[in-house]
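Good morning, and thank you for making time for this item.

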Amino acid sequence: MKYDFKKIESKWQKKWEAKKIFQVKEKSNKRKFYVLEMYPYPSASGLHMGHALNYSIGDIYARFKRMNGFNVLYPMGFDSFGLPAENAAIKAKSHPKKFTENAIKNYVGQMKELGLSYDWERILWSHNPEYYKWNQYFFLKFLENGLIYRKKAPVNWCSKCDTVLANEQVHNGKCWRHSDTDVETKLLEQWFVRTTKYAEELLSDIDKLDWPERIKIMQKNWIGKSFGTEIDFEINGEKFPVFTTRPDTLFGVTFMVVSAQHPKLFELVTKEQKKIVANFLKKIKSTKQEDLDKLDKEGVFTGSYAINPANKEKVPVWVGNFVVADYGSGMVMAVPAHDQRDFEFAKKYKLPVKIVISKEGKKVNEKFGEAYTGEGILINSGAHNCLNNREAKEHISVELSDKKLGRKKIQYKLKDWLVSRQRYWGTPIPIIYCDKCGVQPVKEKDLPVKLPEKVKFGKGNPLKTNKNFVEVKCPQCNGKAKRETDTMDTFFDSSWYYLRYCDSKNKKMPFEKNKVNYWMPVNQYIGGAEHACMHLIYARFFTKALRDLGFVKKDEPFLKLFNQGMLHGEDGFVMSKSRGNVILPEKVSKKYGIDTARMFLVSVASPDKDIDWSENGIIGSLKFVKRVIDYFEKRKFGKSSKIVESKINLAIKGISSDIEFFKYNLAIIKLRKVFESFEKEDISKKDAENFLKMFSVFCPHISEELWSNLGNKNFISLEKWPVCDEKKIDEKLEKQEEMIEKIKEDILNIFKIIESRGETKTKVYVYVLPMEKNIYDENIISEKIGKPVKIFAVNEKDKYDPTNKSKNAKPGKPAIYLE
């Protein structure tokens, strides 16, 4: 028959949309289930089959849950603000708004053609003022409650983007968007979100999440909890608190190192050293710790000295390229005898080394080739000599606390979130600057602060080129004032979008609490592992902060997380437009049908593994799909045999479990296997329909067509998932089938070996144990291998066994002789 896949797909997509079958409401007697993919950026190049893989994973799961009786929320929207869109629009000599909306229109069309069962009534896009109004609202709420503040801080600056980058956006000292551009450091007034207020809760709640272990470990490392002591060092009459996890080495401090981005750095630099320090600072390209860790450790002397509170010794203060400003106080005490990094620095600049921990507790030769970082006994440490260094940590910390020279402290690597961006295409920050009244928040009644469309693109922030936007009245005194021209980091947009989906059309508030309380948390979140330390931490923070402000009740946004694999092109590289190896869904749909592609994409491997696109592979899926179509087009139903009933119910049980745990590839194997079991057998209409229901989550368009052709008036997409009838699973019959299948494979393998030698055999003799003879049916096996088969029990006296093969028969493993 002719297979017009495109016609079938278009027909059912229109029917789904016309009847709005995937729309959901909160009022339902069903249990809710919220399936969500990470907020996608709408690239102008549109979707390729790599995207199709990502979205098919979520769609299969949403369809499965819907058919299992859940009230499924499965929405889609677009993370449409940000530098990529702005840069691409400038390059295309277009406006970001027009450019982005064309891209979204294209995306929506392609997504519908993939058969994705989204509730399109809830669609969002970040650049819609009805969305970013609530970004600004939350910004102001955070500001009111001390969760947002402004300070001058060292920032990562990309000269190509002409904007600040978050630490997470700096990769190996380069901009994440421009791998050929070194990141610079600048001191600028910036807006920060106080994520560190939730550091402990963000860390302690990780183990409650049903997320991949590697993501949980990445988050724990990113938050980075340390127990230590904060010690006051005096420099030029001012106390500088310094955090350390090694107070036991305090007597071994021989120099201090201050961060190159420390806000008080130049207060420490003497007149004689200023030029040397300034030249040194020009060489530093990042504020990110992991980038600093990769650099050769370098520094210069500031000219100042610190007083060690333990022994009152003066030690020189150096500025180094390996200390970040916002970890601890931006200054570290250096103990070269017991820290390898400090040792290498001291050796390079000929700074003193003082041993204060000895393995044996005795004085040791101070000429050695590396730092001693093991445990031992304190020496050269005054009253603390002879203590084990672990005990000494406590003793020295208590002594410092008693003398008010230090205190125990918990430190986190997690930094406050820098949200200022010096670009156009983002949410305007709702702040006004007045010379008389200072920093003033925009009044809530004046939200949204709309992004002006008339701006000039070139270098720097285009918002500064619109006089009407910048020059405003102060909301306090009504005098002349200027609007903030920074926009928000787009991660702000994607930190709460999952809440807006619960009530996406609300114009009076970001969302109704009862709707959010019904749908949240997201039951199943799907997206890439690359977002572990940015989006996923920010979204978790946002949920906790909004809970404390009374907007939501839940502690966490996403109960379960699934990380999908990547699709590689035929060249072996990850499919991407830049590599020129993309396969477009439109072409696949025309040639094979989009259902075929969906089935192929999830059948190659587990969805969390990377897979390769293969024309041969999709052809194999196409053959199977055509067999299913042909079967249902021609089949007349009868009564299922016990073995067919057994296999159908076994498949329902196995496929249900496989889909539940994202083992789609195993589900496809079972689907193929059960189809083969009844393809040439009688089957009841109910059993055939149960097969079609399972097939439908992978191939929804074809299944709707076949379901309709069977005389059904409703949509298969809204049918009930088949329930396994355990009583109909006949373990004995299944075991028999399994053993027959195994003997078939063994016989065929022996034929292959014999044929490879150039020999020909036509008869098959099988020898089985007496209690197993009733399992093996000569006619069935003969039909399966296409040759006559004779079966004997090993104890039969008149059996034909010229070479005494029967002696090799074992339980479950018959002996075979060919002639």
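**A residue in helix α20**

Let me begin with Ile643, which is found in helix α20, residues 642-660. Before going further, please note that this is a predicted model, in which local features need pLDDT of at least 70 and side-chain atom pairs count only at pLDDT 80 or more, whereas totals for chains, interfaces and linings use all residues. Residues are numbered from 1 along each chain as its sequence is written, and side-chain values use heavy atoms, with hydrogens and water left out. Helices (H or I, at least four residues) and strands (E, at least two) are DSSP runs, numbered from the N terminus.

Is Ile643 buried or exposed, or something in between? With a relative accessible area of 21%, Ile643 is partly exposed. Here buried means under 20% relative accessible area and exposed over 50%, with partly exposed in between, using a 1.4 Å probe and protein chains only. Not counting residues up to four places away in sequence, Ile643 touches Leu733, Glu734 and Glu737; contact means heavy atoms within 4.5 Å. The C-alpha atoms of Ile643 and Asn506 are separated by 55 Å, and these two residues are 137 apart along the chain.

Next, Ser684, which lies in the loop between α21 (664-678) and α22 (685-696). Ser684 counts as buried because its relative accessibility is 17%. Leaving aside neighbours within four places in sequence, Ser684 is in contact with Phe637, Gly638, Lys639 and Ser640.

**Helix α23**

Helix α23, residues 700-709, is mostly covered, with 8 of its 10 residues buried. Which residues of α23 are buried? They are Pro700, His701, Ile702, Ser703, Glu704, Glu705, Leu706 and Trp707. The elements against which these buried residues pack are α1 (5-19), α2 (49-67), α4 (96-113), α18 (594-603), α19 (615-634) and α22. After α23 comes Gly711, with a positive phi near 100 degrees.

**Strands and their pairing**

I turn now to the strands, where two strands pair if DSSP finds at least two bridges between them. Strand β26, residues 522-526, is mostly covered: 5 of its 5 residues are buried. β26 pairs with strand β1 (residues 32-37) in the parallel sense, over 3 bridges, and Tyr525 in β26 is the bridge partner of Leu36. β26 also runs parallel to strand β27 (residues 558-562), joined by 4 bridges; there, Val522 stands opposite Phe558 in β27.

An open sheet of 4 strands has the order β6-β5-β9-β19, with antiparallel pairing. Its edge strands are β6 (163-165) and β19 (417-418), each of which pairs on one side only. Strand β5 (residues 148-158) and β6 run antiparallel and are joined by 3 bridges, with Trp157 opposite Val164 in β6.

Towards the end of the numbering, strand β30 (residues 764-768) and β32 run antiparallel, with 4 bridges between them. Val764 stands opposite Leu818 in β32. In a regular strand the side chains alternate between the two faces of the sheet. In β32 (residues 815-818), Ala815 and Tyr817 point one way and Ile816 and Leu818 the other way, and all are buried.

**Aromatic pairs**

Rings of Phe, Tyr and Trp (its six-membered ring) pair if their centres lie within 6.5 Å; planes under 30 degrees apart count as stacked, over 60 as edge-to-face and the rest as tilted. By this rule, the count comes to 67 aromatic pairs. One of them is the tilted pair of Trp496 and Phe511, at 6.5 Å centre to centre and 50 degrees between the planes. This pair links distant parts of the chain, 15 residues apart: Trp496 is in the loop between β25 (487-488) and α14 (497-500), and Phe511 in the loop between α14 and α15 (513-519). Trp496 counts as buried, at 0% relative accessibility, as does Phe511, at 3%.

**The whole chain**

Finally, the secondary structure of the protein chain comes to 25 helices and 32 strands. Its C-alpha atoms fill a box of roughly 110 × 75 × 50 Å, taken along the principal axes. Of the 819 residues, 55% count as buried. Among contacts between residues at least 6 apart in sequence, 75% join residues at least 24 apart.
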